[in-house]
Amino acid sequence: KGTSSKRSGRKSKRKDRMDRARTLAVAAAALAGSKKERKERERRQHVKLTQEQKAQRNLTRLQALCRNVPIPNPIDPVRLRSWDAWADREQGSVVFRKNRGILASNLNQRSLSIDENSGTKGAGLVLRQMMSVKDITEEMDDIIKCAVEIEAGKSQRHHESPWGVAKASADSKSKPSKDRTLANFLLDEAVESKPEVTT
């Protein structure tokens, strides 16, 4: 009886040691996981976000606080047409601002700009209408490349001076007129791309 009681005592002690070892292992794993999560949160806090990333983050937060409320269309045909026209304008405005932001960013990266003194009339309105139809952000690089190639071809056909080279004084007398629609297009673009001032 004494021998069997000693054996059972040893087994219980061994089991207690194994249980304590498992508990310590689980606690160590949990502590390591919490440290890793804390470091990840600190790293995210120190990362500087761009204006677009901040806007997307704030929009995501706002969407999480809101809920969808279905609004029925007007029954009256006249009001329904006005409703549909308003919805189309709003959707086109969102698409246009997105496209114009990517266009301005890509032009700045390549040190390019839109010439508002090219002698055109209403080009800004045409650009606004075209860029309000659909999202072309993925094709913006190809669009800019194609536009540069077209302008280079025109310059070669007209035997114009290379960019950055001063023309003769005789050419300065016939200066092309300024396109006000392009000026407004570029002005709106500059206002939207202006960085926020935080206090």
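Helices (H or I, at least four residues) and strands (E, at least two) are DSSP runs, numbered from the N terminus. Residues are numbered from 1 along each chain as its sequence is written. The model is predicted, so local features need pLDDT of at least 70 and side-chain atom pairs pLDDT 80 or more, while totals for chains, interfaces and linings use all residues, and side-chain values use heavy atoms, without hydrogens and water.

Lys13 lies in helix 1 (residues 2–46). Its relative accessible area is 56%, so Lys13 is exposed (exposed means over 50%, buried under 20%, partly exposed in between; 1.4 Å probe, protein chains only). Lys13, Arg14, Arg17 and Arg20 form a positive surface patch. Patch residues have over 30% relative accessible area and no salt bridge; like charges are joined within 9 Å, and nonpolar side chains (Val, Leu, Ile, Met, Phe, Trp, Tyr) within 5 Å.

Three salt bridges are present (a side-chain nitrogen of Lys or Arg within 4 Å of a carboxyl oxygen of Asp or Glu). In one, Asp135 pairs with Lys98, with the closest N and O atoms 3.1 Å apart. This pair links distant parts of the chain, 37 residues apart: Asp135 sits in the loop between helix 4 (123–130) and helix 5 (140–157), Lys98 in helix 3 (residues 77–109). Asp135 is partly exposed at 36%, and Lys98 is partly exposed at 48%.

Asp141 and Arg110 also form a salt bridge, at 3.1 Å from N to O. Asp141 belongs to helix 5, Arg110 to the loop between helix 3 and helix 4.

Glu151 bridges to Lys154, with the closest N and O atoms 3.9 Å apart. The two are three residues apart in helix 5, so about one helical turn separates them.

How values were computed. Accessible areas come from the Shrake-Rupley method with a 1.4 Å probe; for residues, only the protein chains shown count as cover. Lys and Arg count as positive and Asp and Glu as negative; His and the chain ends are not counted. The place of a charge is taken as NZ of Lys, CZ of Arg, CG of Asp or CD of Glu.
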